[in-house]
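My notes follow in the order in which I looked things up.

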Amino acid sequence: MIKMSGAHALIEALYKEKVEVIFGLPGGAIMPVYDVILDSKIRHILARHEQSAAHMADGYARASGRVGVCMATSGPGATNLVTGIANAYMDSVPIVAITGQVPRSMIGKDAFQETDIIGITTPITKYNFQPRHASEIPKIVKMAFQIASVGRPGPVVIDLPKDVQTEVADMDFPDKVEIRGYKPNISPHPLQVEKAAELLTKAERPFILAGGGVIISNASQYLQALSELLLAPVATTFMGKGCFPENHPLSLGVIGMHGTLEANKSILEADVLLAVGTRFSDRSTGKIDEFCPDAKIIHIDIDPSEIGKNKAVDVPIVGDVSKTLFELYNSLSKRLEKRENSLWLKRIQQIKEEFKDKVRVEKDKDLVPQKVLRELREILPIDAIVTTEVGQNQMWASLYFKVYKPRTFISSGGLGTMGFGFPAAIGVKVARPDVPVVDIAGDGSFTMTANSLATSVTENIPVIVVILNNSMLGMVAQWQRLFYNRRYSAVELGKFPNFVKLAEAFGAQGIRVGSLDEFKRAVKQALESDVTTVIDVPIPPEENVFPMIPAGKGLREIIY
Amino acid sequence: MEEKQVKNYIISTIVENKPGVLHRASNMFRKRGFNIDSISVGPTEHKDLARMTITINGDETTVEQLVKQLSKLIDVIKISVLNPQSSVIRELALIKLHVPDAKARSDIINYANIFRGRIVDVSPASITVEITGTPDKIDAFLSLASTFGIKEIARTGITALVRG
C-alpha cells in the first residue's frame, strides 16, 4: 500500500501498463492529472482538437498492436472524443480514453462543463468506468487495459471526477485482475475445426475471405500458409487489406462496394467459403441474401455475437483467428495430399484476365488518382505505412495502392470518419518513427482535421499528406452524378484553402504539383524532409471510383 | 424462405449488482432493436449479484442473437434460456377493481379465492387483489375481472428459476 492522489495513481497505473504516450488536450476538470503528467516519464502529445487526439491514439494502436491512450477534459472535451471513440469501436481498436468529470457532489446538477459521458459512450465502448473513490483507480486502469485489448479489442472510457483525482488514498496496484463477466473464448472447439477441415478437404472451389480480425490477431502467416495449402484464392475485406500480400498469385484484392472486379466475381463461384475475422458488413457483402447463397460457409471469429448476426453460416468457429488458423492448418495438412486444384485456379486466372484493365483509367491525363497512387506505391518502401481519409481518396487507395504487409494500411472502415487519416498518421508515426507514414487524403476530409498540422510540427512528428484534390466532396458528388441526376447539392468546395499556404502557416512544407513527374519529385523531397509535407495534387473534379456496387445491390450488379 | 416460428422465451441472467447494469442492458436492446416484453431485476443470495429476467416474443434467430449480445456485456456473468417445462415461472399482479355493489364485492372475493389470490386493500368503491402465478393465470383472472371494470393494474414481469 502506498499513499497518493488519484491523479498520481492514474499516471502510475498507466506507466505500469507500459504506456509511453498520451494524446490529449487539457481543461478544467482534468487539471490534477495534467499536473502529474509534467513529472512523469510518459510523453504527452498536445492535440488541437480532442477528436484528433482519439484518432491519434487509434492510429498508434493499429500500427503497434498496443493500447492507445487519449485524454480530454469534461463536457465538450469529452464529447469531442466521441467520434474518435465510435470510430475505434466500429473498427475494433484498443484505446483507453480518459476524461475529466465535475466533482462528485456536482454530478447530476448540470454543473459547468458537465456531461454524462458514461451514458453517451455506453453504446460505443466495450465498457466504461467512473471511479467514485481514488482507491479504485489502480484496479480500474488494469481492468480497462485488459478489456480494451483482450478478445475482440475496442475502446474503454475512464471518467474521473475532479475530486477523485485530488483525493489521497492508500493505493494497491494489482498485477492481475479477474473480470468474471469477461472471459473470451480463445481456443476453438476441436470438433468445429474438424468439421471445417472436412468441408475444405472436399471443396472443389475453396475461397478465403479475410477480414480485419486477421490483422488484429497477427495471423497473416497462418493465413498465407493455409491458402497455399488449399490453393484457395484470397480476397480481403476493406478492413483486412494488408493481411495477405496483394502481389501474391492467390490474392484477388479487396472485395465489396469498391472492391476489385476479380474478387467480387470470383467469390460468387466458390463452393466453400472460409470467412476469417470478418463480420459480413454490408459494404463487403452487398445485398446479404445474394452473397454466396449456394456456398457452404465456415466463419471464424473471436466474438460469438458476430456468428449468425448478418449471415447464417454452416460451420461457426469461435476462437482467436491465429490459433484457429494454426489448428485448421494442422488438421488440413494431415488430410490433404499435395493439391492440384488446377481447374479452379484456371478459372480464377480466367476471371482475372477477363477483367484485367476493364476499369477505365484516363489515358491522356497525367494527374489522375489511379496513376498517382500507383506511382506513390512505386516510390514508397514496402514497410511504409499509409493511412487514408474517407471518401473517394480512400476507395482509390484501396483499389490502386497495393499493400503487402499487415498494419501498413490504416483506415476508418466501419464508421467512415472524415478527418481520420491525418491525426491517425501522426499516431502511427509516434508508434513507428522508423518508417515513412503517408496520409492519402481528399481535400474535404483533410480540411476537417488539418489543424493537427500544429501538433505534427510542434511535436516534431513528420508525416506526408498527399491530397487528391478535386475541390469536391467527391464521393457524395459521385453518388449525386450516378443516383441524383447530376444535381450537385452542397459538394463544391471551391478553390480554397490554398493548401501550400495552409501548410506553411503551420510551419510545415507545402508543395503543389502539376504533373506526375513533379509528384514523384515532391514525394522524394518529402521523404527526405524532417518536417511534415503536404502535397497538393489537383485531380479531375468529376472522376468516379469504379468498380462500384450500388448500395443495397448484390455483388453481381457491379458497375465499372 | 422458411417461415420463422415466433414464441415466448424467458432469459434468466446473473449480473453484477451495481449501478448502471440495467442501463447497459436496456441500452443494448434499444441499440440492436430488440423489443422485449418484460424485464425484472432483483438481488440474489449473493449480495454482489443480481438476477435479471427478460421475456421476449421472437423467433429462434432473434433470441440467439439477443443471448449473444447479452453475454457480450461485461456485467453479465451467466445467462440461460429457460425451458418452461422445467422451470418455475411466476409473476405478481396487483389489480384494482371497481365495486359497484355488495354482490360484485362478494363475486370478486370468490374469484380471487378460486385463483388463490389475496385481497390486499378494500375501500367503499374499490377492491385490490393480489395474484401470483404464471402470466397465463394472471391473464385469465384479468379477463374474468374485466366484467367488473378494472381501475388499475400493476404487473411485475416474469421472474423464474430452473427446477431442482
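I started with the contacts inside chain B. I counted two residues as in contact if their C-beta atoms, placed from the backbone, lie within 7 Å.

I noted the ground rules next. This is a predicted model, in which local features need pLDDT of at least 70 and side-chain atom pairs count only at pLDDT 80 or more, while totals for chains, interfaces and linings use all residues. Residues are numbered from 1 along each chain as its sequence is written, and chains are lettered from A and ligands numbered from 1 in the order in which they are written.

**Chain B overall**

I listed four helices and nine strands in chain B. Helices (H or I, at least four residues) and strands (E, at least two) are DSSP runs, numbered from the N terminus. From that end, I read the order as β-α-β-β-α-β-β-α-β-β-α-β-β. The C-alpha trace of chain B spans about 55 × 45 × 35 Å along its principal axes. Chain B has 164 residues, and 23% of them count as buried. For burial I used C-beta atoms placed from the backbone: a residue is buried with 20 or more others within 10 Å of its own, exposed with 12 or fewer, and partly exposed in between.

**Chain B against chain A**

How many residues of each chain are in contact? I found 15 in chain B and 12 in chain A. On the chain B side, α1 (21-32), α2 (60-72) and β4 (76-82) each give at least two residues. The largest share, six residues, belongs to α2(B). I sorted this side of chain B by class and got three nonpolar, five polar and seven charged residues. My classes: Ala, Val, Leu, Ile, Met, Phe, Trp, Tyr, Cys and Pro are nonpolar, Asp, Glu, Lys and Arg are charged, and the others, Gly among them, are polar.

**Helix α2(B)**

I then checked α2(B) itself. It has 13 residues and reaches 18 Å from first C-alpha to last, close to the 18 Å expected at 1.5 Å a residue. The expected span is 1.5 Å times one less than the number of residues. Its buried residues are L66(B), V67(B) and L70(B). They sit on the same side of α2(B), because they cover an arc of only 100 degrees around the axis. That arc is taken from the directions from the helix axis to the C-beta atoms. The buried residues of α2(B) pack against β1, α1, β3 and β4 of chain B.

**Domains**

I took domain bounds from an automatic or database domain assignment. Chain B has domain 1 (7-82) and domain 2 (88-162). Their C-alpha centres lie 28 Å apart. Eight residues of domain 1 of chain B and seven of domain 2 of chain B make the contact. On the domain 1 side, β1 (7-16), β2 (38-43) and β3 (49-58) of chain B each supply at least two residues. I saw the largest share, three residues, in β2(B). That side has three nonpolar, five polar and no charged residues.

Chain A has domain 1 (2-171), domain 2 (190-354) and domain 3 (369-538). The C-alpha centres of domains 2 and 3 of chain A are 31 Å apart. Their contact takes 13 residues from domain 2 of chain A and 12 from domain 3 of chain A.

**Helix α15(A)**

I looked up the buried residues of α15 (369-379) of chain A: P369(A), V372(A), L373(A) and L376(A). They fall within an arc of 95 degrees seen down the axis of α15(A), so they line one face of the helix. They pack against α16 (392-400), β18 (464-469), α22 (516-528) and β20 (533-538) of chain A.

Most residues other than glycine have a negative phi, and most peptide bonds are trans. I noted a cis peptide bond between F496(A) and P497(A), with omega about 0 degrees. P497(A) is in the loop between α20 (474-483) and α21 (499-505) of chain A.

K18(A), not a glycine, has a positive phi of about 65 degrees. R407(A) also has a positive phi, near 65 degrees. R407(A) is buried, with 21.
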